[in-house]
Amino acid sequence: MIDPTREKESAAFDLESAIERWARSLRRQSAIEDGDAADLEGYLRDKVEDLVAQGLSGKEAFERAAAEFTAGDDLGEDFYRSRTTSRAGSRPPGKAPRFVPALFWNTSKIALRKARKQKAYSFINIAGLAVGLAACLLILVWVKDELSYDRYHEQADRVFRVAQSEEIGGVPAELAVAPFVSAPAFAAEIPEVETYARLLRGAPLAVVEGRKFDLTDIYFTDPGFFDLFSHVFLTGDRKTALAAPGALVLTEETARRLFGAVEVVGRTVNFNNDYDLKVTAVVKNVPANSHFLFNGLVSLATVAARPDIRSVMEDWFRISGWVYVLLRERADPRAVEAKMAALKLKHVGDSLRQSGSKMDFRLQPLTDIHLRSRLEGEIGPSGDIRYVYVFSLIAAFILVLACINFMNLATARSAARGKEVGLRKVMGARRGNLILQFLGESVLMSILASVAAVVLVVLALPSFNRLAGKAISPASLLSGSSLLALAGLVLLTGFLGGSYPALFMSAFRPVVVLRGNVGRGLKRASFRSLLVVFQFSVSVVLMAGTLIALSQTRYMKTRDLGFDKDQVLVINMRDAAARRSAEALAGELKSNANIGEAALSSGVPGRVSTSLVVGMEGRPERESFPAWTVWSDYDFVKTYGISIVAGRDFARSFASDAGGVFLVNETAALRMGWGLDAVGRKIGFDTDDRREIVGVLKDFHFGSLRNPIEPLVVRLAPAADLARQGRFLSLKLRQGDIPALLAFAKAKWAERSERGFDFFFADENFDSLYRNEVRVGRIITAFAVMAVFVACLGLFGLASFAAEQRTKEIGVRKVLGASEAGLAALLSREFLKWVLLANAVALPAAHLLMERFWLASFAYRSTPGILLFASVAALSLVIALLTVSGQAIRASVANPVESLRYE
């Protein structure tokens, strides 16, 4: 007898549907092939038939048979283990690895599946994020290198440089140098000063066993040098390395250059045929992230007895080098500065009061020197903390642009995922689960992009090093701090890019999205439009900033400097013997028909480094003022083509000139209060030695255009003075074979000097003053290109999506007679209006920012005109048009029949 209840349950149960669901679960297992799944399904059906024949209902028979066959997941694992050749216990594909959270594994599978299905969308996201992360990483390693300067010294937080502020004749100056006599006074009378080190730079000719070497960056210093600065000793004793006169410490590179080995303690080196030095130690090469580099150190006591050095060591008003002090632990630098001020008054207070001058000392932290010091007389090239801030901001903006791409495209495509969200919510998913799902997808995208970004950085690093003047190695990306920063960037990018889409899409109401209404609410796309405006605003600011920076650099290189810098060869007169015979050398060089004027001087435009206090006849000492000073022979003005606005040039025909007379520039003449009437007046550097001014030079730029033209005096110097002061021999070249002229000059030099032939061209030397500005401009250009690329990727993705969404509309318009050109214009117009709005916002902002933070630092600067900003606007529009027009044209030429079948 048949049980009516069981018969009723069997009728309600759909056996065929249950078997099909079971079979589908098998086919989802990657380890089970289609043939195996069909066989298993057949076995299940046979088993069910047998059980039904035994009197079980269809439901009971299916449940018992399925239980005997085990679950589909377990079957998949059994099939995988039976067929795999890998070690026991290996994981079937599709199953989460051990120690990997199931939620993360599920999120990753969904994200990768969608990435495969939506390749263009995924490429745009990953490419944009990769470029953004690559820009951040490049700037990160650059900033890290800039901030690391001098931090390798063990006591860096206690080391300070003594900087001097002075005011003479009402003219203030901020100097990186300080009087040598101050250092021992500070150490003796200020308890907080533990020790000190003074640095005096030299470039001697070294002689080792008859072999001669030109050396640079050799510093004479005190025994306390290694108490302040940490350097790794390869040989020798740190405590005694500089204790005795004649002691020499070499770097590893210099030791190998001189001796071919590092174990050279006790060997002898002669400097300038003046004194023999004994090598007492060899240290590792100075790290590149030091604010000054040296090739060797000599004990200062070696030269302290020389008359010219002794005056520097004993005079509070003579400054020729740099002074560093080591403060005791927990010493207050401000309190030490106050004691320095009192000590200054004790030693030179009367002299300062009589002259009406001012002198003050301040302590610069060692770790601030590279980035936060822009003083006269810096020991080496320095950076600028402003560039660290600017580049960091640029990196952040590029990363934000990449995240905006992700947000824009995710929200634009949210209609396509609306039903997914609705179904998940209907099946019980909470909003928090959906947020984690979308954020997980975003983070996974960011991880994939970070891999591509690291590859891009490694490939770009050599070019970036050349651009930035660095030597950053790819290994720096593997340091702990860099990896931590990269992980932070990945998470930040993932959460920043995915936060809005996650919050936005997780808030969809199931009833609404399952009816297909989510897309209509998004067609206004006002939020996405604002993001496009922001993206292109940032890009336009960077583009305008780049053009303004390049315009200023070009202005500095092309401005009339007031002298002729072209075709001037300058020989560095580093050898005293060559300086003594400079007049004869110049005569021999001028015998070449392609060499015109020749002048020996202590400085040339772009390299005027001496400033002396100028006193005026008949005026009190307190009216004296500092002026840049050049000692020269008769032909300096003629060689450089400098104009004279009053008086005359130096002339051999005037016997009175032989004793020494002056030329002054217009600024100096005005500073004296005489103007063009300065001709015939007398000035000098000593109260008992005043000489006549014979001419006033038209103001010319002898320094960077960053600075206003300052007072300059040119002193006609006797041969004896030029033998000491004449550092440069300038040759005015006529048209000819430059390599042949250089070979000729080198041969004549070799006849009179044992030193190497060191030369430069005046125009290249002057342009080198702007090397930093040129470098910064190029870096900004590179990152501006990156920013535009990222913005265009986003615009391309949105244009592609917009064209897809309007496919049916385009088909209807074409059927009604719309032209392809009109349709392309229709699709492009929406985006171009937002780019125009971005220009309206960004161009005034770019002008304001560059005027305040870039151009304001130049005393002489270009004025960005309307043409420059119009060019930026036109360029941005062209770039945007090229980006969206391809998608617009493709959509407009599509077959209307296919378009009307869409959806």
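## Surface and overall make-up

Accessible areas here come from the Shrake-Rupley method with a 1.4 Å probe, and for residues only the protein chains shown count as cover. On that basis the protein chain exposes about 42,500 Å², with carbon and sulfur atoms supplying 57% of it. Please keep in mind that this is a predicted model, in which local features need pLDDT of at least 70 and side-chain atom pairs count only at pLDDT 80 or more, while totals for chains, interfaces and linings use all residues. Residues are numbered from 1 along each chain as its sequence is written, and side-chain values use heavy atoms, with hydrogens and water left out.

Of the 903 residues in the protein chain, 50% are buried; buried means under 20% relative accessible area, exposed over 50%, and partly exposed in between, with a 1.4 Å probe and protein chains only. Take the contacts (heavy atoms within 4.5 Å) in the protein chain with a separation of 6 or more: residues 24 or more positions apart account for 78% of them.

## Nonpolar cores

A nonpolar core is a set of buried Ala, Val, Leu, Ile, Met, Phe, Trp, Tyr and Cys residues joined through side-chain atoms within 4.5 Å. The largest one holds 113 residues, and Phe 391, Tyr 640 and Phe 783 have the most contacts inside it. Helix α7 (residues 119-147) gives the most to this core, with 15 residues. A second, separate core has 49 residues, among them Ala 185, Val 193, Ala 255 and Val 325.

Apart from its neighbours within four places in sequence, Phe 783 is in contact with Ala 135, Leu 138, Ile 139, Ile 394, Ile 398, Phe 464 and Leu 542. In soluble globular proteins, nonpolar side chains tend to be buried together.

In helix α8 (residues 182-189), the buried residues include Ser 182, Ala 183, Ala 185 and Phe 186. They cover an arc of only 165 degrees around the axis, which puts them on the same side of α8; the arc is that of the directions from the helix axis to the C-beta atoms. The buried residues of α8 pack against β1 (159-168), β3, β12 (322-327), α12 and β13.

Helix α11 (residues 307-314) has Ile 309, Val 312 and Met 313 buried. Viewed down the axis of α11, its buried residues fall within an arc of 100 degrees, so they line one face of the helix. Pro 307 and Glu 314, on the other side of α11, are exposed. The cover over the buried residues of α11 includes β3 (193-202).

Being three residues apart in helix α12, Glu 337 and Arg 334 are separated by about one helical turn. Glu 337 is buried, at 15% relative accessible area, whereas Arg 334 is partly exposed, at 49%.

Asp 360 also forms a salt bridge, with Lys 344, the closest N and O atoms being 3.2 Å apart. Asp 360 lies in strand β13 (residues 358-365) and Lys 344 in helix α12, so the pair ties together parts that are 16 residues apart in sequence. Lys 344 is buried, with a relative accessible area of 8%, while Asp 360 is partly exposed at 37%. Further along α12 (residues 333-355) comes Ser 355, which is buried at 12% relative accessible area. Leaving aside neighbours within four places in sequence, Ser 355 is in contact with Glu 621 and Arg 622.

## Other surface features

Asp 368 and Arg 372 meet through their side chains in a salt bridge of 3.7 Å, N to O.

Val 451, Val 455 and Leu 459 form a nonpolar patch on the surface, with about 300 Å² of accessible area together. Such patches are made of residues with over 30% relative accessible area and no salt bridge, where like charges are joined within 9 Å and nonpolar side chains (Val, Leu, Ile, Met, Phe, Trp, Tyr) within 5 Å. Val 451 sits in helix α16 (residues 431-468) and is exposed, with a relative accessible area of 52%.

How values were computed
Helices (H or I, at least four residues) and strands (E, at least two) are DSSP runs, numbered from the N terminus. A salt bridge is a side-chain nitrogen of Lys or Arg within 4 Å of a carboxyl oxygen of Asp or Glu.
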